[in-house]
Structure formats: C-alpha cells, structure tokens
Amino acid sequence: MRIEILILVSSWIICIFLLLRYVPVDKKRYAHITFLFSSTIAWIYEYLQVILGLVEFPFREFEVASKMSFSLHYFVYPTFCVFFILFYPLEKGKLRIIVHFLLNSIAISTYTLLIEKYSSLIDYLKWNWFSSVLSNLILIYVIKKFVFWFKKGLV
C-alpha cells in the first residue's frame, strides 16, 4: 500500500473517531456549522494556492476532477477547526486566547509539513511552514468570527 493512501485512510479514521467520540451531543449543530464553513474557506484557500503556484498536490483522490486534495481540505482541516472552536477558551485571558490560536495554527501547519516531507500528498513550491502558520492564523480567525456570529442565532 502506498504511504499516501495509508496517510489518507488513517486521517479519515482518526477524524471520524474524534468527531464521533469528542463532540458533545448538545454542540453538534455548532460543530456542523464550523465543519461546513471551514471546508468552504479551506476550498477557497487551497484553490488560490494552487492557482498562484504556491503548492501542488501530486497525489489526489480525484485526479481528473480537481488539482486539490479532497481529504485534506474537506475533512482533515475542518476537523481541526471543529476542535479549535469547541475548545476555544471563552471568558479567559487574552494570553490564553493567543496561545490557543498559536497552538492550533502550529498544529495544522506541522501536520501539513510532515505530510509534505514524507509523502507526495502536498509539495510546497513557493510555500513554507512559517507562511502556513500565518495563513492558518488568519483562516481560523475568520472561522472563529463567522461561527461565533452564527452561534448567536443558534441559542
């Protein structure tokens, strides 16, 4: 079995397990909104990266349909974002919120960097770990703003 297939299958299994096991029943609607919005943002973000020639995805699930990775941006990234929102430190100090943003952004970027180093799922052409951390900080901030705005209507 190719390493890429092994990474994708194990990522799907881990994400499904985490979502089913650790998302509380009373927060499922909240998690759905986060998942759907973050997959939309991830699609736009990755589409721009591919169009601008910053990254490429040599191994893709749907080679003919798209030049982007389906699993990484429609399932893995939204799962990261669901847990970012679920564990967001409400009513904590600003330092705790900054650390929460940084840790999540670094975790997402490190996961992507490891995949880039050890498989052909992603190739950084004009991209690096630091620019990934910065862009993920912006993306999860936008996701947080949208989800918290949307949450006002769910109460």
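This is a predicted model: local features need pLDDT of at least 70, side-chain atom pairs count only at pLDDT 80 or more; totals for chains, interfaces and linings use all residues.
Trainee: Let's start with the overall fold. What makes up the secondary structure of the protein?

Mentor: There are 5 helices and 2 strands. Going from the N terminus, the order is α-α-β-α-α-β-α.

Trainee: How do you know that the size of the protein agrees with a compact globule?

Mentor: Set the two values side by side. For 155 residues a compact globule would come out near 15 Å in radius of gyration, and the protein has 16 Å, so the two agree. As for the extents, the C-alpha trace covers about 45 × 30 × 25 Å along its principal axes.

Trainee: And what share of the residues is buried?

Mentor: Of the 155 residues, 45% are buried. The accessible surface is about 9300 Å², and carbon and sulfur atoms hold 71% of that.

Trainee: What share of the contacts joins residues 24 or more positions apart?

Mentor: It's 75%, counted among contacts with a separation of 6 or more.

Trainee: How far apart are the mean positions of the positive and negative charges?

Mentor: They're 14 Å apart, taking 16 positive and 9 negative charges.

Trainee: On to single residues. Why is Ala31 called buried?

Mentor: The cut-off for buried is under 20% relative accessible area. Ala31 has 8%, so it counts as buried. Ala31 sits in helix α2, which runs over residues 28–51. Beyond its neighbours within four places in sequence, Ala31 has contacts with Val23 and Val82. From the C-alpha of Ala31 to that of Val99, 68 residues along the chain, the separation is 22 Å.

Trainee: Then what makes Tyr47 partly exposed?

Mentor: Its relative accessible area is 39%. Buried stops under 20% and exposed begins over 50%, so a value in between is called partly exposed. Tyr47 and Met68 are 21 residues apart along the chain, with their C-alpha atoms separated by 7.1 Å.

Trainee: Now the aromatics. How many aromatic pairs are there?

Mentor: The count is 18 aromatic pairs. One of them is Trp12 with Phe75, and that pair is stacked.

Trainee: Why is the pair of Trp12 and Phe75 called stacked?

Mentor: Two values go into it: a pair of aromatic rings is described by the distance of the centres and the angle of the planes. For Trp12 and Phe75 the centres are 4.1 Å apart, and the planes are at 5°. Rings pair if the centres lie within 6.5 Å, and planes under 30 degrees apart count as stacked, so both conditions hold here.

Trainee: What parts does that pair tie together?

Mentor: Trp12 belongs to helix α1 (residues 3–22) and Phe75 to helix α3 (residues 70–86), so the pair links parts 63 residues apart in sequence. Trp12 and Phe75 also belong to one aromatic cluster, together with Phe35, Phe62, Phe70 and Tyr74.

Trainee: Are Trp12 and Phe75 buried or partly exposed?

Mentor: Trp12, at 28% relative accessibility, is partly exposed. Phe75 has 12%, under the 20% cut-off, and so it is buried.

Notes. Residues are numbered from 1 along each chain as its sequence is written. Side-chain values use heavy atoms; hydrogens and water are left out. Helices (H or I, at least four residues) and strands (E, at least two) are DSSP runs, numbered from the N terminus. The radius of gyration is taken over C-alpha atoms; the globule rule is 2.2 Å times the number of residues to the power 0.38. Buried means under 20% relative accessible area, exposed over 50%, partly exposed in between (1.4 Å probe, protein chains only). Contact means heavy atoms within 4.5 Å. Accessible areas come from the Shrake-Rupley method with a 1.4 Å probe; for residues, only the protein chains shown count as cover. Lys and Arg count as positive and Asp and Glu as negative; His and the chain ends are not counted. The place of a charge is taken as NZ of Lys, CZ of Arg, CG of Asp or CD of Glu. Rings of Phe, Tyr and Trp (its six-membered ring) pair if their centres lie within 6.5 Å; planes under 30 degrees apart count as stacked, over 60 as edge-to-face and the rest as tilted.
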